[in-house]
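Here is a quick tour of one protein chain, written for someone who likes the cut-offs spelled out. Have a look at the model first, then read on.

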Amino acid sequence: MSRFTTSTAGSLSSNKVFCSIYEGKSSVDVNVGLCFFNIATGEITLSTILDSQTYVRTIHKIHVFEPSDILAPEHYIGPPGNKLTVILKSNVSQEIRFHGVDKRFFNSNEGLENIQKLAFEKDLNYLKQELGDKQNALCALAAGMKFIIKIYRMQQVFFKKFRFKYEVPESTMFIDTRTIKSLQLTENLVEKNGLSFMKFLNSTLTKMGERVLRNNIFQPLTDKDSIIMRLKAVKELVDNQSLLDELRVSIKGLQDLDKIFAILLLSNNSEVPEKSVNKVNHIILVKQAVNVAIDIGNYLEGARCTLLQQIRDICKDDGVIAVKNLIDEYINEDCNWASGTLDIQNQRIYAVKSGKNGYLDMSRKAYNFVGEEAVTTAGNLSEQYDLFIEACYNNQRGYYLKVKNYEDINQLPDIFINRKEKKNFLECTTLDLIKWNARMDDTVSDILRTSDKMLEELLDEITNYIPVLFMMGEALAVLDLFQCFALNATKGKYSCPEISDMLTLKASRHPIVETMTENYVSNDICAVKDTSRVQVITGTNMSGKSVYLRQVALLSIMAQIGSFVPAEYANFPIFNSLKARICVDNFASTTSSFATEMNEMVCILEDFDENSLVIIDELGRGSSLNDGFAISLAICEHLVTTNATVFITTHFHELSKILGTKPGVIQNHMSCSSTQNDGLKMNYRMLGGLTDVKRYGIRVAQKYFENSIIEKAKEISENLENNAIESNPEEEEQMVRNRKLLNLVKILEYVANSNEISKELLLGIQEEFLN
């Protein structure tokens, strides 16, 4: 019996992504080791995740890599299976196939040995240092490699040209799958083909750049230095428009380098043979890529920031230049991409330069001689028999004759055989031409066989530089990301964010909504840990509260992926996780809205800390008035104690009043104005305190219902208000003054301790507190 539960023997497709997973022995801590084998990009990525009992981080990681197959120990798969695989199967795509692997193959020592044997020399010390104590990740590596070697009949040397990477989860922001959907990061939940955040930001020019953008949106950076380095690179491109234009023109011509280099990686493997007819095309694509890289390296010669300098150095690496020289040495300069059958054959015949192989040169002379003889034969016959005869060629028949001015097919000389009459001409051949074609076939076979051998030699030499080519491809993908951010910043008039320990935005805008709305109203946002880390927002329906919440979340993501943001001034803290629950009223669900909301709140409360950003829209709206208020207050009071940065919208005004008395909490509202017909005009402006508009729900609803229903609703609302406890306006005003004073103190403390104070920040403080 096979040691593998699933038999999938066959050719290894380049679109395969395997995820090997291992949790190890049971313990209180959930420690999951992951290893992803991306055949298309030639990368093996290891990761260790300290997860919760619901494996939310593991599920998120799998969603990011989108594997085609998941490998796990046999007893994980079951039946009955274990908790990890049961949860995975209910949270990942049904198209992913699960395979059980003999548990003996999950061997950490073997995993470390594989790295020592197969990893690139320059990466080896780093990998050994990082993975020395990552036993579960090493176990996943060993088993995954065993599976691929066994099932697809590979040799271990197949992985020699793969790049091993260790990805530290702690260096990226955690965004769970519910938040990804709630913020519509990659999919518009309202319109199937509508604009998502990913689609809006995507000004990349290559498939590699698009993949890097997607991964960054899912996993924004949390290392301050890395974010600042990216922002400097983007700023340099924004400030140098001519450089940006030159880079965009060059990058636009790039094919999907990940796939091209993966083909090279697989070309020497007998189970995944490179088609001979495509070898020249692939070599030409590599040539185009290295030429573009060298051009980009020249464009970046005067780069000032570190990341652009690193990209320049990679693009002008000796290995890149060596690949260019190799191709120039073997391949004719005028050899271009070919698609038609005849074009591809001619490409293969003439691709290799003259002088590289004497026998090839002689064979090509014989090939040319046969072609010339066929043309000469046609000319001689035309003159001899006073006919218009043309020599033609196709790949199946070789050379044949086309006769156009004959009168009677039966009157033609017997030398013309294999006659086939067409509408306006006659196709035929001669015995001599048949002999020439036979010689031509032999000659072409000799040329292609010799040429393919030369191309194999070239590919073998190129594959020695695969590590350099993958680094080059990665550098160009990152550069594509930077130009995408720079172009967006230029078009949208975005500003470069600063990174500190407080959230301060001046005249900020929602990146997508502002492009779809005339006279868009910008808003200031300020969240300081000690004074305003929790913001409870009230306001009428359709006043812009949900847009405001999404704006906070999306701008935070933009800043942490190294993008400029739509604001006059921006200062962000670094969030290590983002949890968002924002209402989408027409989002279909088979569960009740309250059950869905409580489910989502459990996920939000399960795993967050003082460095988290929590966004909650209309908390408690799905239950009865008293129960919804009680649950909302309990959740909010818990959030206040965690020191996380929290933005909450609610229609429970009492909730805002109660929380407003607690340290670190402020009240805000989306303003609106009354119209002459007792309607409401939305101002879309965020102001401090509670909204002073009464019965706004009824006023919004009056355009939908008959007047008698609206009047009855007003009467009921007035009775409820009369029975409510009156608040003390003077106490509320004094509380607002005290809180504003405390905010000023904290902001001045930040100013005094900061080394990066801008004029915009000081003007903002003056306008907020002194004017």
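Strands here are DSSP runs of E with at least two residues, helices are runs of H or I with at least four residues, and both are numbered from the N terminus. The partner of β14 is strand β13 (residues 503-508), and the two pair in the antiparallel sense over four bridges. Pairing needs at least two bridges found by DSSP between the strands. Across this pair, T504 stands opposite C526.

A word on where this comes from: the model is predicted, with local features needing pLDDT of at least 70 and side-chain atom pairs counting only at pLDDT 80 or more, though totals for chains, interfaces and linings use all residues. Residues are numbered from 1 along each chain as its sequence is written, and side-chain values use heavy atoms, with hydrogens and water left out.

**The whole chain**

The protein chain holds 29 helices and 21 strands. Of its 771 residues, 52% are buried, where buried means under 20% relative accessible area, exposed means over 50%, and partly exposed lies in between (1.4 Å probe, protein chains only). Among contacts with a separation of 6 or more, 71% link residues 24 or more positions apart; a contact means heavy atoms within 4.5 Å. The accessible surface comes to about 36,700 Å², with 49% belonging to carbon and sulfur atoms. Those areas come from the Shrake-Rupley method with a 1.4 Å probe, and for residues only the protein chains shown count as cover.

**The seven-stranded sheet**

An open sheet with mixed pairing runs in the order β7-β17-β18-β19-β15-β20-β21. Its edge strands, β7 (174-175) and β21 (680-688), each pair on one side only. Within the sheet, β18 (residues 612-616) is mostly covered, with five of its five residues buried. S612, V614 and I616 point one way from β18, L613 and I615 point the other way, and all are buried.

| Pair | Bridges | Facing residues |
|---|---|---|
| β17 and β18 | five bridges | K579 and V614 |
| β18 and β19 (residues 645-649) | four bridges | L613 and T645 |
| β15 (residues 534-539) and β20 (residues 665-674) | six bridges | G539 and M670 |

On a 1 Å grid over the protein atoms alone, a cavity is a set of points where a 1.4 Å probe fits but cannot get out, and lining residues have an atom within 4 Å of a point. The second largest cavity holds about 30 Å³ of space, and its lining is D176, R178, A580, R581, E600, C603 and I604. By class, the lining has three nonpolar, no polar and four charged residues.

Finally, A40 sits in the loop between β2 (30-38) and β3 (43-51). Is A40 buried or exposed? A40 is buried, because its relative accessible area is 17%. The C-alpha atoms of A40 and V17 are separated by 7.9 Å, although the two residues are 23 residues apart along the chain.

Key. 1 Å grid on protein atoms, 1.4 Å probe; cavity = no way out; pocket = protein on both sides within 12 Å on 5 of 7 lines; lining within 4 Å. Points joined across faces, edges and corners; volume = space filled by probe spheres on them. Nonpolar A, V, L, I, M, F, W, Y, C, P; charged D, E, K, R; others polar.
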